[in-house]
2 protein chains.
Amino acid sequence: MPYYIGDVIKDEQKLIVRTPEEFRKSGIDVMLRTGVDGVDPAKGTVSLSTGQALPYDVLVIATGAETVWPGIPGQDLEGVFPLKNLTDGLRLKSFLETARCKKAVIIGGGFIAMEMSEAFRSRGMDVKVMDILPAPAARWGGELGLFILEELRNNSVEFLPETRPLSIEAGSQCRLRVKTSKGDLDADVVLVAIGVRGKVGLAESIGVKKGETGAVQVNFSQKTSHDNIYAVGECCEVFNRVSRRWIYAPLGDVANKQGRIAGQNIGGTPGVFPGVVGSQSFKLFGLEVATTGLTEAEAIKSGFAPVSEFIWGLPMARQLSRGEKLGLKMTADRSTGRLLGAQCVADEGAVKRIDTLAVALWNEMVIQEVGYLDLAYSPFYGGAWDPIHIAAQNIARKL
Amino acid sequence: MPYYIGDVIKDEQKLIVRTPEEFRKSGIDVMLRTGVDGVDPAKGTVSLSTGQALPYDVLVIATGAETVWPGIPGQDLEGVFPLKNLTDGLRLKSFLETARCKKAVIIGGGFIAMEMSEAFRSRGMDVKVMDILPAPAARWGGELGLFILEELRNNSVEFLPETRPLSIEAGSQCRLRVKTSKGDLDADVVLVAIGVRGKVGLAESIGVKKGETGAVQVNFSQKTSHDNIYAVGECCEVFNRVSRRWIYAPLGDVANKQGRIAGQNIGGTPGVFPGVVGSQSFKLFGLEVATTGLTEAEAIKSGFAPVSEFIWGLPMARQLSRGEKLGLKMTADRSTGRLLGAQCVADEGAVKRIDTLAVALWNEMVIQEVGYLDLAYSPFYGGAWDPIHIAAQNIARKL
């Protein structure tokens with residue numbers, strides 16, 4: 001009988017689609033509110049917090065990720081929240097309601113910070129986002145970074161660039177006061193969103209090998225350095241098809257895919273996880289923000305000689321537009337012409353372009369062919385020359 | 001000096017972005033309202049309707065397509081319109097206004113008929129669409145055809161299946177009466193939209209070779225059977241990368257690409273047109289309708305052994321949906337697992353999925369990898385498992 005041991009969803013059993021009883025009918029024993037004290041790989045047993053020892057033939061480590069904390073005094077005060085899992089989200093939501101929060105400070109300016117700035121604003125709260133970098137959502141730099149910044153400003157979110165949190169204290173006007181390298185900020189609630197790292201303690205304790213990123217090393221069938229131990233999701237690495245490195249990319253869709261591949265292999269049907277190209281998107285008020293592959297800086301780090309092109313285009317044909325904007329940056333390798341990555345921010349149609357280019361990246365297409373891709377043209381969804389074609393052809397002319 | 005000889009845009013010079021004078025400054029002589037009586041390839045001259053004979057080193061045939069008429073009595077009556085070019089559109093629009101048309105009958109049920117049914121309805125007109133086939137927009141069959149039919153019905157467009165026009169006569173109540181195999185229809189205006197064919201008369205007259213489709217045969221640099229004669233756009237064929245046949249695909253984006261490739265080659269920079277995969281889309285009231293690659297029937301005709309899967313999915317994650325629908329049909333080859341085509345109809349996100357799959361087709365991806373493509377996941381734009389993944393994995397399980 002397969003066992004599932006979990007604690008993440010323990011607080012909100014009502015949100016579980018199937019109850020443990022229903023799982024049991026399918027032959028799966030789901031043990032909620034159950035911790036794991038240790039694993040004995042020699043004996044093939046898992047020691048539970050209940051004292052019980054469960055035998056296993058195959059073990060899957062899916063311990064997920066944990067919040068990275070800034071490591072500053074006061075980060076454990078009431079009103080300071082991480083947002084890693086459903087439980088965190090529910091706790092935060094209930095705190096916002098009961099404590100009647102009006103001022104939010106977000107430490108970190110990545111995509112979780114961006115999404116949460118919108119969530120706080122939708123409750124009418126005052127929102128300040130601080131980051132040690134000069135712009136939010138750093139993977140979208142230059143013109144696209146300014147476009148994002150403008151959207152934050154238009155929606156009354158204040159972004160504090162190059163700002164380091166120093167400590168969090170009890171406040172006078174508000175519950176909390178965040179001391180930063182650029183002055184003090186009042187806050188009813190503070191969200192810590194500077195990133196996550198793989199939760200690898202259990203894996204480490206039994207000698208499962210970690211990769212260079214610090215997350216658990218796996219092979220293409222999601223197997224770890226131990227023959228009967230698999231790892232999936234945000235505790236392990238994933239192969240990037242563009243940089244040809246094993247990277248740490250803690251994203252929900254990737255975790256889902258790895259889980260299915262591990263399950264398939266354990267079940268006796270071989271399957272390999274083909275890796276990722278680095279696709280990602282989020283919504284920010286009225287904008288779609290999306291990326292795939294390497295940024296120009298990442299391309300240089302990977303040893304490519306990138307040539308980039310930034311264009312402003314339109315999500316639809318010119319005669320149908322009402323002032324919508326679409327900014328697209330595309331990067332290719334000078335020596336091979338190979339597409340390396342793209343970032344897009346638009347009032348609409350950014351994710352569509354990035355998904356299209358993600359498949360081009362997956363297949364190692366050269367920029368010359370990207371410039372002539374056969375897309376499903378209709379004036380409502382693009383021009384006869386799509387921004388993808390225009391940016392690619394502009395790059396091709398530079399090679 | 002390059003010459004451009006044209007008549008298509010003669011009625012609406014105000015719509016030309018650049019005037020002939022402006023073109024002349026760029027060294028291009030644009031001769032509007034000028035017909036071509038003949039070409040003498042031995043001498044290398046074009047005889048104009050003005051009596052003049054123009055010499056050429058290189059000739060580009062871009063004569064476009066012409067309307068296919070049903071060949072029935074009365075098709076030349078006033079109030080019966082084709083819709084092939086801008087001039088047709090302007091004439092039709094002015095007729096609708098001056099003749100105060102209230103009832104439209106559309107002969108043909110393809111994508112032009114679908115788009116025009118919406119245009120007529122937006123003017124408050126009564127619209128009937130007839131086709132000899134059992135459903136409109138035949139490339140989207142089965143469930144997707146019913147979805148399209150439902151959208152027509154919800155917008156008060158009547159579709160008459162398996163109906164053949166017999167003749168058009170002067171009417172009593174209305175200007176016109178269309179006699180069909182299923183009874184008579186009153187109409188103030190009749191639109192003929194049963195298709196187009198390449199306008200190849202000029203090419204034929206000088207012995208330029210035609211392909212099996214009846215359109216002008218070209219090679220990958222858009223050159224015809226004559227060494228110094230090129231052809232581009234809706235008068236010539238295009239290579240389909242999936243069926244590996246030269247097909248006739250009169251679409252604006254394809255014409256644009258062919259024109260650029262021909263120009264590049266004539267200008268001395270070699271370039272090849274890599275062909276199409278058969279992508280196409282249109283808007284129908286609230287629906288996005290899109291397709292790429294081969295339909296199941298076309299796949300059989302091309303010698304593949306297709307396996308298909310139809311699913312209903314969502315354009316976004318379930319928790320954000322408000323009843324939107326997305327229907328996706330995907331087809332792969334049983335022996336190789338190669339993706340062969342897809343059709344998608346949705347309240348939103350159909351073109352996005354089809355563009356993504358168009359690139360997968362372009363690269364001859366197998367369905368197993370399509371099932372694990374790295375798309376830019378965010379709940380607003382798809383689930384962690386996108387309909388693309390689900391349909392592809394369902395097919396993979398059938399292989």
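**Exercise 1. Determine whether T34(A) is buried or exposed, and locate its side-chain contact.**

Solution. The relative accessible area of T34(A) is 9%. Buried means under 20%, exposed over 50% and partly exposed in between, with a 1.4 Å probe and protein chains only; T34(A) is therefore buried. The model is predicted: local features need pLDDT of at least 70, side-chain atom pairs count only at pLDDT 80 or more, and totals for chains, interfaces and linings use all residues. Residues are numbered from 1 along each chain as its sequence is written, chains are lettered from A and ligands numbered from 1 in the order in which they are written, and side-chain values use heavy atoms, leaving out hydrogens and water.

Helices (H or I, at least four residues) and strands (E, at least two) are DSSP runs, numbered from the N terminus. Finally, the T34(A) side chain reaches the backbone oxygen of M31(A) at 3.4 Å.

**Exercise 2. Classify the aromatic pair of F81(A) and F95(A), and state where its members lie.**

Solution. Rings of Phe, Tyr and Trp (its six-membered ring) pair if their centres lie within 6.5 Å; planes under 30 degrees apart count as stacked, over 60 as edge-to-face and the rest as tilted. Over all chains, the structure holds 22 aromatic pairs. For F81(A) and F95(A), the centres are 5.1 Å apart and the planes stand at 50°, so this pair is tilted. F81(A) belongs to strand β8 (residues 80-81) and F95(A) to helix α2 (residues 86-98) of chain A, 14 residues apart. Both F81(A) and F95(A) are buried.

**Exercise 3. How does the radius of gyration of chain A relate to the globule rule?**

Solution. Chain A contains 10 helices and 24 strands. Its radius of gyration, taken over C-alpha atoms, is compared with a rule of 2.2 Å times the number of residues to the power 0.38. The value for chain A is 23 Å, close to the 21 Å that the rule gives for 399 residues, so chain A is as compact as a globular protein of that length. Buried residues make up 52% of chain A.

Notes
Polar contact = N/O pair within 3.5 Å; in protein donor to acceptor, adjacent residues only side chain to side chain.
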